[in-house]
Amino acid sequence: AEVDDDHTCGYGSVADLVANRLELTPDAAGRGPLYRFAKRCMDLFIGVPALILIAPVIALISLMIRLDSPGAAIFRQYRVGQNGELIRFYKFRTMYVDAMERFPELYEYKYTADQLEKMYYKGGVDARNTRVGAWLRKTTLDELPNLINVVRGNVSLVGPRPELKEMVRYYRPVELSKFTVKSGITGLAQCTGRNNLTIRQQIAADVHYVEHQKLRLDVKILFLTAWSVVRSEGAI
């Protein structure tokens, strides 16, 4: 079963915002078709077998989620990806289904410049998380359904993480270069600190990746991410 989270602004406004700002940003996606083809092959070569192998794990975790709290096990959330397009991003549900009604202030996404400099995407204990959800986020297992996106082709294994629609308006023009490439389920930020990095630091890592994107770096990021997950480095 799936649930939608589509409570924010529509597709057009987000895409237009990104498109307008990208006019001020140099095109950093200077990789040729051979690189994109090789990267897509790597996504399928790893993603398809991985999704098949973890299918029993996905089924087990889905059962755990359903037994722990009411609601669907798979959570769909629209995120901003390449060229400002909205991606229907798949994750395990980690929060109570009525989290927005319980904690409406956490969904306002209104921040000052000073707050943004010090903020983290995940901020320690979150009252919105269920018991199983807190464990899933700690172990990063909540991200396993991301592989569905990889196989479908709207997300790559490696690339800048797709952004929440509400956060795009806070991006500086130069930071929007992260939207010139296909989003990924892991990236430079996820293997160089993960949630120990502030939002600005994670965006900076995404921009650095875009500027130095190549297949050898993608492979290195995959290995470093796996090592970070095993060590629970930066997990919350």
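The legends below describe close-up views of a predicted model. Local features need pLDDT of at least 70 and side-chain atom pairs count only at pLDDT 80 or more, while totals for chains, interfaces and linings use all residues. Residues are numbered from 1 along each chain as its sequence is written, and side-chain values use heavy atoms, with hydrogens and water left out.

**Figure 1. Overview of the protein chain, with nine helices and six strands.** Helices (H or I, at least four residues) and strands (E, at least two) are DSSP runs, numbered from the N terminus. Of the 236 residues, 49% are buried; buried means under 20% relative accessible area, exposed over 50%, and partly exposed in between (1.4 Å probe, protein chains only). The accessible surface comes to about 12000 Å², and carbon and sulfur atoms hold 61% of that surface. Areas come from the Shrake-Rupley method with a 1.4 Å probe, and for residues only the protein chains shown count as cover. Among contacts (heavy atoms within 4.5 Å) with a separation of 6 or more, 79% involve residues 24 or more positions apart.

**Figure 2. The aromatic pair of Tyr111 and Tyr170.** Two aromatic pairs are found in the whole structure. Rings of Phe, Tyr and Trp (its six-membered ring) pair if their centres lie within 6.5 Å; planes under 30 degrees apart count as stacked, over 60 as edge-to-face and the rest as tilted. Tyr111 and Tyr170 are tilted, at 5.8 Å centre to centre and 50° between the planes. Tyr111 belongs to the loop between helix H4 (99-102) and helix H5 (113-118), and Tyr170 to the loop between strand S5 (163-164) and strand S6 (184-186), so the pair ties together parts 59 residues apart in sequence. Tyr111 is partly exposed at 24% relative accessible area, whereas Tyr170 is buried at 17%.

**Figure 3. The aromatic pair of Tyr171 and Phe179.** This pair is also tilted, with 5.4 Å centre to centre and 45° between the planes. Tyr171 is buried, its relative accessible area being 3%. Phe179 counts as buried too, at 1%.

Figure 4. Arg102 lies over the face of Tyr96, at 4.2 Å from the ring centre. A charge sits over a ring if NZ of Lys or CZ of Arg is within 6 Å of the ring centre and within 35 degrees of the ring normal. Leaving aside neighbours within four places in sequence, Tyr96 contacts Ser69, Arg102, Ala127, Arg128, Asn129 and Thr130. Tyr96 is partly exposed, at 28% relative accessibility.

**Figure 5. The salt bridge of Arg131 and Asp68.** A salt bridge is a side-chain nitrogen of Lys or Arg within 4 Å of a carboxyl oxygen of Asp or Glu, and the whole structure has 12 of them. Here the N to O distance is 3.0 Å. Arg131 in helix H6 and Asp68 in helix H3 (residues 55-68) are 63 residues apart, and the pair links distant parts of the chain. Arg131 is exposed at 67%, while Asp68 is buried at 18%.

**Figure 6. The salt bridge of Glu143 and Lys91.** The closest N and O atoms are 3.6 Å apart. Glu143 sits in the loop between H6 and H7 and Lys91 in strand S3, 52 residues apart. Glu143 is buried at 15% relative accessible area, and Lys91 counts as buried at 9%.

**Figure 7. The salt bridge of Arg200 and Glu175.** The side chains meet at 2.7 Å, N to O. Arg200 lies in helix H8 (residues 199-211) and Glu175 in the loop between S5 and S6, so the pair ties together parts 25 residues apart in sequence. Both residues are buried. Elsewhere, salt bridges that share partners join Lys91, Asp142, Glu143 and Arg161 into one network.

**Figure 8. Positive phi at Asn83 and Thr140.** Most residues other than glycine have a negative phi. Asn83, not a glycine, has a positive phi of about 60°. Its place is in the loop between strand S2 (74-80) and strand S3 (86-92). Phi of Thr140 is near 70°, and Thr140 lies in the loop between helix H6 (131-139) and helix H7 (146-152).
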